[in-house]
Amino acid sequence: MEKTAIIIGASSGIGKALAEILSKEDYTLGLTGRRVNLLDDLANTLPNKAITKEMDVSDPLKAKQQFEELIGVLGNVDLVIVSAGTGHHNPELEPALELETINTNVSGFTTIAGAAYNHFKKNKKGHLVGISSILTLRGNAGAPAYNASKAFMSNYMEGLRLKALKENLDIHITDIRPGYVDTAMAEGDHMFWVAPPEKAAKQIVDAIKSNKSCAYITKRWRLIAWLMRIAPNFLYKKL
């Protein structure tokens, strides 16, 4: 039986690594991103069919139209992975940087996730995966919009998961919460447990196959998540 997936944000990093793994597992892929030349280069190296489409999720209404056009080309889609995201270290609270983060991680994600859910609802099954972050758990003085936007993603996915349950639909929602992954977005002098995108992608695919509601990537970051949850405010604010 043919398997079809769309990866939003597949031109580099985790999205690219996921495309390489899923293509080897006989998925027909729809690949989107802002840098269509990189998407085309990737598609040409994959063992199975891949269709590319330029998309910038920070323009949500246009992205929704492009997403639906891609579904029209692919037909029924089984799996949608939203890997597109952005964030900035922005202690000065520069409005343009905060809004770019919100437009991509909140407005863009919400629009694509909703469109994917409605597509799955028509078919009464499907799997939506969102790449949030371990930073969804607490706020961040240096990047307040980034952490808040990732918390929104996690909360929104929980809402969709409950919605599917109430509507008695075979729709799975997986919240992927990576720690540090060696991508263009990773920055800072104190990073640890940095995973290559390929290792992160393999664990993400395993979580998808297991229909997990939430998965920390790599697995050892579950310990950090536990510590972040229980850390009292007086201690956390010193970090």
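Select E69 to begin: E69 is partly exposed, with a relative accessible area of 36%. The model on screen is a predicted one.

**Stop 1**

K53 is partly exposed, at a relative accessible area of 23%.

Stay on helix α3 and select E68 and K64. Their side chains form a salt bridge of 2.7 Å, N to O. Both residues belong to helix α3 and are four residues apart, about one turn of the helix. E68 counts as partly exposed at 39% relative accessibility, and K64 counts as partly exposed at 30%.

**Stop 2: D175 and R177**

Now select D175 and R177. The closest N and O atoms of this salt bridge are 2.9 Å apart. Are these two residues buried or exposed? D175 counts as buried because its relative accessibility is 2%, under the 20% cut-off. R177 also counts as buried, at 12% relative accessibility.

Salt bridges that share partners also join K121, K163 and E167 into one network. Select those three residues together to see the network. The count of salt bridges comes to seven. Side chains of opposite charge can pair when their charged atoms come close.

**Stop 3: the second largest pocket**

Select Y27, D78, L79, H127 and I208. Among the 17 residues that line the second largest pocket, these five lie nearest its centre. How much space lies in this pocket? The second largest pocket holds about 320 Å³.

By residue class, the lining of the second largest pocket divides into six nonpolar, four polar and seven charged.

**Stop 4: backbone points to check**

Most residues other than glycine have a negative phi, and most peptide bonds are trans.

Select K124, in the loop between α4 (95-123) and β5. Phi of K124 is near 65°, a positive value in a residue other than glycine. K124 counts as exposed, with 59% relative accessibility.

Move to N211, in the loop between α6 and β7. N211 has a phi near 55°, again a positive value in a residue other than glycine. With a relative accessible area of 36%, N211 is partly exposed.

Then select I217 and T218. The peptide bond from I217 to T218 is cis, with omega near -5°. T218 is found in the loop between β7 (214-217) and α7.

**Stop 5: a nonpolar patch**

Finish with L223, W226 and L227. Together L223, W226 and L227 make a nonpolar surface patch of about 300 Å². Where does L227 lie? L227 is in helix α7 (residues 221-230). L227 is partly exposed, with a relative accessible area of 38%, and a residue must be over 30% to be counted in a patch.

Notes: Residues are numbered from 1 along each chain as its sequence is written. This is a predicted model: local features need pLDDT of at least 70, side-chain atom pairs count only at pLDDT 80 or more; totals for chains, interfaces and linings use all residues. Side-chain values use heavy atoms; hydrogens and water are left out. Patches are made of residues with over 30% relative accessible area and no salt bridge: like charges are joined within 9 Å, nonpolar side chains (Val, Leu, Ile, Met, Phe, Trp, Tyr) within 5 Å. Accessible areas come from the Shrake-Rupley method with a 1.4 Å probe; for residues, only the protein chains shown count as cover. A salt bridge is a side-chain nitrogen of Lys or Arg within 4 Å of a carboxyl oxygen of Asp or Glu. Helices (H or I, at least four residues) and strands (E, at least two) are DSSP runs, numbered from the N terminus. Buried means under 20% relative accessible area, exposed over 50%, partly exposed in between (1.4 Å probe, protein chains only). On a 1 Å grid over the protein atoms alone, a cavity is a set of points where a 1.4 Å probe fits but cannot get out, and a pocket is an open set with protein on both sides within 12 Å along at least five of seven lines; lining residues have an atom within 4 Å of a point. Grid points are joined across faces, edges and corners, and a volume is the space filled by probe spheres set on the points. Ala, Val, Leu, Ile, Met, Phe, Trp, Tyr, Cys and Pro count as nonpolar, Asp, Glu, Lys and Arg as charged, and the others, Gly among them, as polar.
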